[in-house]
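Please take a moment to look at the sequence and the structure shown here. The paragraphs after them are meant to be read with both in view.

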Amino acid sequence: MSLEALLLDKLNDRQREAVTHHGTPLLIVAGAGSGKTRVITHRIAWLHLGVGIPIRQILAVTFTNKAAREMRERVCALLGVPDDPALAISTFHSRCAMLLRREAEAAGISPSFAILDERDQKAAVVRAMENAGVSDRTAKPAQVQHFINMAKMRMLTPTDCDEEFADERVPYALLYRHYEELLEKNASLDFEDLIFRAVRLLRDNGEVRERWQRRFRHLLVDEFQDTNAGQFELVKLLAGDDPDVCVVGDEDQSIYSWRGAEVTNLLGFRETFPNAHLVRLEQNYRSVGNVLKAAGSVIARNTMRIGKELWTEQPEGDPIGALVGFDDTEEANLVAMRLAAMIASDGIAPADIAVFYRSHALARVLEDGLRKYRIPYRIVGGTRFYDRAEIKDLICFLRLALMPDNDLAFERVVNVPTRGVGPKALGDILSRGAGERISAFEAATRLAAEGAFKGKARQGMEDFLAAVRRWHAMAAHATVHEVLKAILEDTRYETEGVGDAKSLDGQSRLENIEEFKQAVAEFEKLEDDNRVGTFLETLALDAQRPDEGDRQTVSLMTVHNAKGLEFDHVFVVGLDQGVFPNSRTFDEPAQFEEERRLFYVALTRARRTLTLCRAMRRRREGFYDATVPSQFLSELDASVLTAEARRALCPDDKRRERDPRGFERQGFRAFGSAYGRASAPPPSRPTGGRGALNVGDRVRHRTLGEGVVVESGGRPGSERVRVAFDDGIEQEFVVKFAGLTKMEK
DNA sequence: AAATCCGGTATTTTT
DNA sequence: TACCGGATTT
């Protein structure tokens, strides 16, 4: 078989163009289900086999590790090799970690750095705030963390922030600076650092830059609409002056702007690379006609698009169905009943069905319903395995074994399991460390030698310090499981660290530890470098929950988690105004459009059937609220719905037919805040027990003092107010929980 | 040091 | 309501 036949057969003209174009930068705008993955993998294979480019010169970047693994497998299959270590397919973060590891000296960082995940980072932020003497009443750690991450994505150093954010009520620049200091002291990098450091290195060091530009002559970035400013900068730096860059993206599937992704990277790509060639992939191979029509009719309302029209040669398929429950419990039951019927009567495999929701909170009722009808299901995403306390403990022990001077790890586990080191002893250690500018481990060693620890802490500390020294010696040569075994034995973690082993919690903790051992074994089977450092890096960069395999289950997940997947039969639940679209997006048109894209992503996952679900009243924050159908439902082209669905989802359908504009106007008023405050109805007044609170009212809070109501709103039953306190702090409350006292003016 | 209470909060989340 | 984290009690 010829190469052409192998790589280009069964591709349409656009796809062929995207695979074979080369010589100038290439922008592929790929609609949902347009065979994007196929194009990318074939392009890599083509560059290598067809154009004759050495495989090690091609760098492909994906959004997740899972996507990278899959792409790697497919490319290997096309190339006809079991696996090629020279294949550079990975995420931005892994690639940067690799680059920095190799160039640590030039980048001015420790060659063995720890990578902090989100939770480690939060702990570091809390510490930084303490060090800076900023109370968490001035700013929430999460808020500061977000600021720092956004600053790094935008490639701003603390010094850059000094001026730009000088007027903020929260001293962000100062906190950022303290945070950076802390990380440096602990030889740690956070996720954003990996990108930012690599950018700075390549930007500031010509020799290194040229070396990497030569190394990767051909760049390929998938999910380009989800890249942030720093990542794009990295692409530009690696591309150099004679770029062979290919980016693939879909502006209609940009759903991560809230964490820094900039669609403008995609929309403005041809301004950065003026001679870039654009290929649009608009033929959809995934969905039946009705699904595609439904999705298209909704997304057409967005303004921020390159614009494309997906089409398909597939049959129309079934019209879009609907399920409307009296309340959320009934909604879940209806879904479960329908699933039971599909599985039992229609012979549909559970694995071909997925249920999507806007937020995890909606999963619980659904689970109850599915259990009641004995539908096998699994939740994709959710709380991550490596976030579990006991797992984090073990990771910190390992980190300490690798780098005893890492204070963040030391603090976490110095008293785990409890060995008498309370707040007092820890305080002594930390202040000694700060005073003599040494690590906590070193400070504790000195204090122990001086006999500073009393009572239970004395023996406890001595044992602990000796153990850390022993693990550290081991970590240099021993494998991960050997070190872990020593840790578990020395600390008696499994007997003393998990609490009551007979309790439900203790049970699950022990199970988690077993699973962690399993993960270690898995790692050692795959990698040829079994040392602790490599293991920890892999963990930080690829925190995928150990795969549950392809069990025969219905998949439940948030829409965000569903991106990139496809199922024969898709249910979307919780389609109520305020839930999906989420009410927090109403004030910002840009955010609201992202919400619509999210809905678009949900719809375009379906291959064959789509069922949209809602409830007439829903428990939220503990109380039942009457709901209004999601605005997105009324945006659907009504011709794709079953008659029943039309009646059920759009109670105002008659009016709509008579006077579409009248309906729009009504929608405008009811959900109008999406289009700006002016048209929004006045927020309902709180009707709490002690009289309503209005803007301008003076109130007293038990702990926060006195202030003025500056905003009021929320739904009946859970009215909210925003209060500006006299000391400058602003805080939002749910009125009935807050215990605010109204004061006479 | 563990058990309990209380207040505050309430999207989406990969790397 | 339900969860978490911090404070307070035992």
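Predicted model: local features only at pLDDT ≥ 70, side-chain atom pairs only at ≥ 80, totals over all residues.

Residues are numbered from 1 along each chain as its sequence is written, chains are lettered from A and ligands numbered from 1 in the order in which they are written, and side-chain values use heavy atoms, with hydrogens and water left out.

Chain A has 33 helices and 20 strands, where helices (H or I, at least four residues) and strands (E, at least two) are DSSP runs numbered from the N terminus. Of its 745 residues, 52% count as buried, a word that stands for under 20% relative accessible area, with exposed meaning over 50% and partly exposed in between (1.4 Å probe, protein chains only).

Strand S10, residues 353-357, has 5 of its 5 residues buried, so S10 is largely enclosed by the rest of the structure. Ile-353, Val-355 and Tyr-357 point one way from the strand, whereas Ala-354 and Phe-356 point the other way. S10 runs parallel to strand S13 (residues 567-572), to which 4 bridges join it, and two strands are said to pair if DSSP finds at least two bridges between them. In S13, His-569 stands opposite Ile-353. S10 also pairs in the parallel sense with strand S12 (residues 554-558) over 4 bridges, and there Leu-556 is the bridge partner of Val-355.

The whole structure holds 20 aromatic pairs; rings of Phe, Tyr and Trp (its six-membered ring) pair if their centres lie within 6.5 Å, and planes under 30 degrees apart count as stacked, over 60 as edge-to-face and the rest as tilted. One of the pairs is formed by Phe-356 and Phe-567, edge-to-face with 6.2 Å centre to centre and 65 degrees between the planes. Because Phe-356 lies in S10 and Phe-567 in S13, this pair ties together parts that are 211 residues apart in sequence.

In helix H21 (residues 440-449), the residues Ala-440, Phe-441, Ala-443, Ala-444, Leu-447 and Ala-448 are buried. They are on the same side of H21 because they cover an arc of only 160 degrees around the axis, taken from the directions from the helix axis to the C-beta atoms. These buried residues pack against helices H19 (407-413), H20 (423-436) and H22 (455-475).

Notes. Contact = heavy atoms within 4.5 Å.
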